[in-house]
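Welcome! Here is a short tour for anyone meeting this structure for the first time. Have a look at it, then read on.

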Amino acid sequence: MLDIFNVYLPIAEMQFNALILVAIGFSVGVLGGFFGVGGAWVVTPALNIFGFPMAYAIGTDLAHIFGKSIVATAKHRKMGNVDMKLGLLSIVGSVIGVEIGAQNVMWLTKLGIAGPVVRYLYMFLLFGLGIYMLYDYMTKDKRAAAQAAKVAEAARSGMARPAKKSWNLPPMIHFPASGITISFWTVSGVFLFTGWLSGLLGVGGGFIRMPALIYLIGCPTAIAVGTDLFSVLFSGAYGCFTYGIKGRVEIIAAVLMLFGAAIGAQIGVTAVKYIRGYGIRLLFAIMIILAGTSVALKQFNMTVTAAWVVMCAALGMCVVITFKLYQGFKKEQAEKAAYAVKEVKP
Amino acid sequence: MKRFAALILNFLLLAVPALVWAAAEKAEPLEKKVNLANLSGINYFFADWYNNNMWLYAIMVTALMGVVGMLIAFVTDIFLKMVGMEVSKIEHHE
């Protein structure tokens with residue numbers, strides 16, 4: 001029955017189910033719009049499971065990521081979630097870091113230890129980041145209470161408010177969209193580091209940059225999401241073009257995935273309006289722990305199981321995000337209705 | 001401020017060779033020609049460009065992704081506005 005949705009892919013020279021492409025695009029679009037990531041770590045295993053030719057998988061994915069990022073970034077910009085100054089700096093720093101990372105991988109390959117180092121570092125990063133973000137979420141109230149107590153104590157004793165520790169090596173740069181003033185060297189160092197990790201691990205880096213923007217730069221979560229997407233837009237455009245020149249983009253598949261992704265991205269971005277801050281961090285933590293589980297399964301040669309884990313995790317997360325969007329929207333409508341009634345009553 | 005602008009400009013200029021270098025080929029070009037025999041319409045159009053001019057194919061793919069993405073976003077925006085789910089600037093709190 002699903003065969004009626006088969007389309008002919010002229011470049012890959014095969015029939016493929018259009019629904020599958022749209023569905024994959026949709027789920028990655030929701031995740032991308034909500035978390036500010038590209039989503040290649042979901043798309044590639046998903047395409048592999050359904051028999052899409054791997055020669056075109058990465059290029060086609062990057063092509064659709066570019067289109068989707070335009071949609072999502074434009075919408076985040078409307079919400080005031082894109083710090084373009086920070087985004088542009090992140091691109092330069094990350095790209096240099098990526099190249100250093102890639103060179104390090106070649107050096108590790110010569111030593112014959114690239115495989116294990118990259119695999120275990122990837123797992124350590126995913127699990128470590130996920131667990132830290134979970135811990136951050138679970139202790140947020142305790143930390144807020146402790147901070148409030150410190151400030152109150154300082155006010156009572158007439159002392160100056162305790163200063164936040166920071167490294168103020170000039171030149172300092174002010175990022176008005178994010179509301180932070182930070183040393184140029186801190187910002188550059190953070191993006192060099194995240195770029196280096198991306199190059200070393202052979203990943204896009206969205207899932208590394210987003211938490212780095214929050215925890216190392218001090219961006220509000222929603223701005224970290226939007227700004228990260230802005231960087232993904234550029235890497236997606238570049239990837240789309242370079243893989244296109246190498247003949248590795250299946251254009252019909254990319255358009256079909258983009259169709260789903262553009263709609264999904266609208267949902268993911270709108271959900272940020274209703275979930276916000278620590279809610280986004282919690283869901284992101286769960287997502288990357290599940291991604292880490294998928295990577296761990298691959299190490300035990302359970303590749304198909306690993307792909308299913310990451311796909312089910314992505315679909316499950318889409319359902320949660322869409323549900324939360326619906327909940328938030330209903331609550332907003334109820335509040336608007338209640339306010340309208342108050343206005344009418346004398 | 002002028003000195004800082006000069007510093008940033010130098011940083012960017014230094015980054016340009018890195019940007020080009022980082023475009024380092026991570027995949028080999030696919031040396032293949034698509035069989036045009038049974039193709040027609042848009043499939044033939046794309047496959048023909050793929051066979052004859054890879055640069056133009058890449059430009060077309062990149063431009064198409066941008067245009068299609070924006071078109072779908074525009075239509076979805078209208079729909080979301082109709083159901084009352086439009087977005088505007090939000091307050092940033094954690």
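Two residues count as being in contact if their C-beta atoms, placed from the backbone, lie within 7 Å. By that rule, the contact takes 47 residues from chain B and 55 residues from chain A. Please keep in mind that this is a predicted model. The predictor gives the complex an ipTM of 0.79 and a pTM of 0.83.

**Where the chains meet**

- Three elements of chain B give two or more residues to the side that touches chain A: helix 1 (2–22), helix 2 (41–52) and helix 3 (54–82).
- Helix 3 of chain B gives the most to that side, with 16 residues.
- Sorted by class, the side of chain B that touches chain A holds 34 nonpolar, 10 polar and 3 charged residues.

**Chain B at a glance**

- Chain B has 3 helices and 0 strands, and along the sequence its pattern reads α-α-α.
- Of the 94 residues in chain B, 14% are buried.
- The average pLDDT of chain B is 77, and 70% of its residues score at least 70.
- Where does pLDDT stay under 50 in chain B? That happens over residues 20–25, for which the model has 8 contacts beyond four places in sequence.

**Helix 3 of chain B**

- How far apart are the end C-alpha atoms of helix 3 of chain B? They are 42 Å apart, which agrees with the 42 Å that its 29 residues should span at 1.5 Å a residue.
- The buried residues of this helix are Tyr57(B), Ala58(B), Val61(B), Thr62(B), Met65(B), Gly69(B), Ile72(B) and Ala73(B).
- An α-helix has 3.6 residues a turn, so residues three or four places apart point the same way.
- The cover over the buried residues of helix 3 of chain B includes helix 3 (54–78), helix 9 (221–245) and helix 10 of chain A, together with helix 2 of chain B.
- Helix 3 of chain B is followed by Gly84(B), whose phi is positive, near 90°.

**The nonpolar core**

- The largest nonpolar core has 119 residues, and Leu31(A), Cys240(A), Ala254(A) and Val310(A) touch the most other members.
- Helix 10 (residues 251–275) of chain A gives the most to this core, with 18 residues.
- Which residues does Cys240(A) touch, not counting those up to four places away in sequence? In chain A, Cys240(A) touches Leu62(A), Ala63(A), Phe66(A) and Val249(A). In chain B, Cys240(A) touches Val61(B), Thr62(B) and Met65(B).
- Val61(B), Thr62(B) and Met65(B) are among the buried residues of helix 3 of chain B.

**Helix 2 of chain A**

- Helix 2 (residues 40–49) of chain A is largely enclosed by the rest of the structure, because 7 of its 10 residues are buried.
- Those buried residues are Ala40(A), Trp41(A), Val42(A), Val43(A), Pro45(A), Ala46(A) and Leu47(A).
- After helix 2 of chain A comes Gly51(A), with a positive phi near 85°.

**Two hairpins in chain A**

- Strand 1 (residues 6–9) and strand 2 (residues 14–17) of chain A run antiparallel and are joined by 4 bridges. Leu9(A) has Met14(A) as its bridge partner in strand 2 of chain A.
- These strands form a hairpin with 4 residues between them, and Glu13(A) lies in the turn.
- Strand 3 (residues 172–175) and strand 4 (residues 180–183) of chain A also run antiparallel, joined by 4 bridges. In strand 4 of chain A, Ile180(A) is the bridge partner of Phe175(A).
- Strand 3 and strand 4 of chain A form a hairpin with 4 residues between them, and Gly179(A) in the turn has a positive phi of about 70°.

- Most residues other than glycine have a negative phi.
- Glu13(A) is not a glycine, yet its phi is positive, about 55°. Is Glu13(A) exposed, partly exposed or buried? Glu13(A) counts as partly exposed because it has 15 C-beta neighbours inside 10 Å.
- Asn301(A) is not a glycine either, and its phi is positive, about 60°. Asn301(A) sits in the loop between helix 11 (277–299) and helix 12 (303–344) of chain A. With 9 C-beta neighbours inside 10 Å, Asn301(A) counts as exposed.

Note on methods. Residues numbered from 1 in each chain as written. Chains lettered and ligands numbered in written order. Predicted model: local features only at pLDDT ≥ 70, side-chain atom pairs only at ≥ 80, totals over all residues. pLDDT = per-residue confidence, 0-100. Core = buried A, V, L, I, M, F, W, Y, C linked by C-beta atoms within 7 Å. Buried ≥ 20, exposed ≤ 12 C-beta atoms within 10 Å, placed from the backbone. Nonpolar A, V, L, I, M, F, W, Y, C, P; charged D, E, K, R; others polar. Pairing = 2+ DSSP bridges. Expected span 1.5 Å × (residues − 1).
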